[in-house]
Structure formats: C-alpha cells, structure tokens
Amino acid sequence: MGKRKRMLANNRPDPASYANHTPFRQVERKYKQKHRSAAELDLCEVYDPYRSSTSTSTNNNTEQPQVSPISDDLRTLRQALRAALGWSADLIPDAADADLPQAVVFPAIPGLILLPAALPRSIQTHLTHQSIATYTRPPNKSNMTAHWSIPPSGLWANRHMPDPIPLHAEPVDPSITPSAHLSPEPARTLMDRLRWCTLGFQYNWTTKKYYADEFYTFPSDLAAVTHAIVHAVESLACPLIGKDVGTGYPAAQYTAQAGVLNVYGPRDTLMAHVDESEPNMRPPLVSISLGAQGVFLIGGPTRETRPIALRVRSGDVVVMSAGAREAFHGVPRILDVMPDWMHVEPVEQGDDGDRRIEDVGQRASEWREVIEYLRAREARVNLNVRQVN
C-alpha cells in the first residue's frame, strides 16, 4: 500500500461521528468519502436514469421519480436549439422519439426536473469550449480576478505565453486581503487553479448579493440554450401524478441574467446551500452538466430533510423551480467518468453523422486542447443560469 493510501486509510471517518449530523450532512458525507475511489462508492441509492431499476415510467409509487411522457415542447427542443443558435439540421439533427430527452420529475421535491441527455454532443462541445476559452474572459470575474491582473483576452488565449500574469499593484476588492504568498504566474498555471467565473450580473461571494452596478453582457449562445430549455419544461404532463408538473413559468417572460461557471476537479465539492440571492425567485434555475459525472444532492428548505441523490452526466440538465428553488442542494462528489465523445478525435464527419466542434467554427487543434484540459483534470464543468429580477 502506497504512502497516500495508508494515510487515507488511517484517517477514515468513524461512522459513529455521523450521529449528531443533520440528515443532509449524513448523506453528504456518505458520498464525499475521499478515502474511497469513485468505483468503491456505494451508488445504489443514487437515482440514475440510465439504470433500468431506477428509471421507469410505470412505477405506481407516486413518491418515486416519474418519467413524464414526451411532450411537444420536449419533442421540439432540438429544433428550438437550432433556431436559437442559428445552426443547421446537420449540426443538431432531429432525433427519433426513443432518443429524445424525457423529463424526470420527483414528487417528493416539487419543481425539480431532470432532463437526461438533453443536449446533443454538438452543443456540449460548443458550450465546453466556450466555458473554458470565452466565458472566463474579463470583465467577467473569476476566483483569479481579486489577485491577478487578467489580460482582456483571458487566461486561455495566453496559455502558451511564458510571461507571468502580474499581481494587482493595488487591491481591487477591499474585502479580500492581499496574500504575501502569491506571486506572478503564467496563464497556464492559473488555468489549473480556475474554479469559478460569474456571468452577467457579478456576484459578491462575501455578502451573498449581486453587484447592482456590475452587469456585463450575458453570453447570447448560453442565453439561447437556456431559454429553449425553460420553454421545453414550462408544461409537462404526468398521468400518474395527475397534474401538470412543469415549471409553469412563462418562457416568454424568462431572461438569462446571471450565471456561475464552476470547474470541479475529482476532489472538489460544493457543500449544501440554498440559492436565494435573486430578488425574484419565481423563474426557474437551469443547471447544465458538462465533462465528468457527479453526484447531485437536493433536499428541502432545511438540512433536516434527507436529500435524494442524482447521478448527472455530461449533457444532462437539472431545472429547479417552485419548492426545489428554495431547497438545500450540493455536489459532494465528482466521479472520474468522462463522456465517450471526449475520447474521440475530431474529424470532419463522424460515422454516426454527428458533426464535431470544428464544424461550428472552432479549430480542431484548440478543440483538442480544451478537451485535454478537462480530461487531464477529470473535470466537471457546471453552468447554472438564473433570472435575477
């Protein structure tokens, strides 16, 4: 046994120490166990829409997850994505009903909707590239902004430059104390440390409020994708539950105004929290998963509610509205499982007819670098978008 494995084995938590923890914290610790590899984790209680024993639309227990029949809005989601992005049918082909995203709803948590495989690979590759190379450019703020003077072209555009990115001469945020241990670093090194970036309305992580005077143009492509998703889940039928289980929020009134881009490594977590900084909590929150898989927990209005666990994959979308919008949620574990398409070399036309990223205007060499950046870190990118006002 190696030194690190011995150290982890000696520091395994005592299950008895869980006794005084809230139900949410107990489940959080179950999946967070860093002394276990992802393959060693017990995921039998994690809802997985691709596991036949947990994904059935004929389940007569109305407290269990229910698959909503394909609605017209879901059937036309790909057409809506095409229209929103101005792409051709070659890039976002129509799909047979068997391949269309179905909405999974959770009666125990009203307003929680899971759309497995909602985004085709072409959109996943596009958003992955945009997340790393474009969305992280100033003036959008990241966890690097407070200390380093990020060039206007961003870190990714300067990743091959040997010159270090300088520290700010003067503090740019009085709430953050400059560190004497930091030094100028090359852009490639800082890219390794990238953890988050804010889009649209900028967010103050200290006060948990948005900066009213700092709004930067929200990415139009991400706004278009989000709007198409909000429209698709506005109304969803579920015969067993006997009522409409969609968000009920009119897509015509939805505007993507703020977003957080998170980059998670295998040992990163997002502890239980509630997103309640938006003055208007009625519009749904849309969360898009890209890259590595993860375990997503969501419970109730306090940590005393035992959460359910979902396995989220690249291309999955989680929508939170109504009660789910005010529920504690978090990501206790990143699973080191990357999507198959990240292991495929980009070519002009795949055998399955699915175009690759260079067909939507990106150089194949840069596509490889973005994907390699995620693969080398076994990273998960999460884009969560919300309307503020």
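Mentor: Of the 389 residues in the protein chain, 51% are buried, where buried means under 20% relative accessible area with a 1.4 Å probe, counting protein chains only. This is a predicted model in which local features need pLDDT of at least 70 and side-chain atom pairs pLDDT 80 or more, while totals for chains, interfaces and linings use all residues. Residues are numbered from 1 along each chain as its sequence is written, and side-chain values use heavy atoms, leaving out hydrogens and water.

Trainee: Thanks! How many helices and strands are in the protein chain?
Mentor: The protein chain has nine helices and 16 strands; these are DSSP runs numbered from the N terminus, with helices (H or I) of at least four residues and strands (E) of at least two.

Trainee: Why is strand E16 largely enclosed by the rest of the structure?
Mentor: Because seven of the seven residues in E16, which spans residues 380–386, are buried.

Trainee: And which residues sit on each side of E16?
Mentor: Arg380, Asn382, Asn384 and Arg386 lie on one side, with Val381, Leu383 and Val385 on the other, and all are buried.

Trainee: In what sense do E9 and E16 pair?
Mentor: Antiparallel, over seven bridges, with E9 covering residues 258–264; pairing requires at least two DSSP bridges between two strands. Val260 is opposite Asn384 of E16.

Trainee: What about E11 and E16, over how many bridges do they pair?
Mentor: Six, again antiparallel, and E11 runs over residues 285–291. There, Val286 faces Val385 of E16.

Terms used: Buried means under 20% relative accessible area, exposed over 50%, partly exposed in between (1.4 Å probe, protein chains only).
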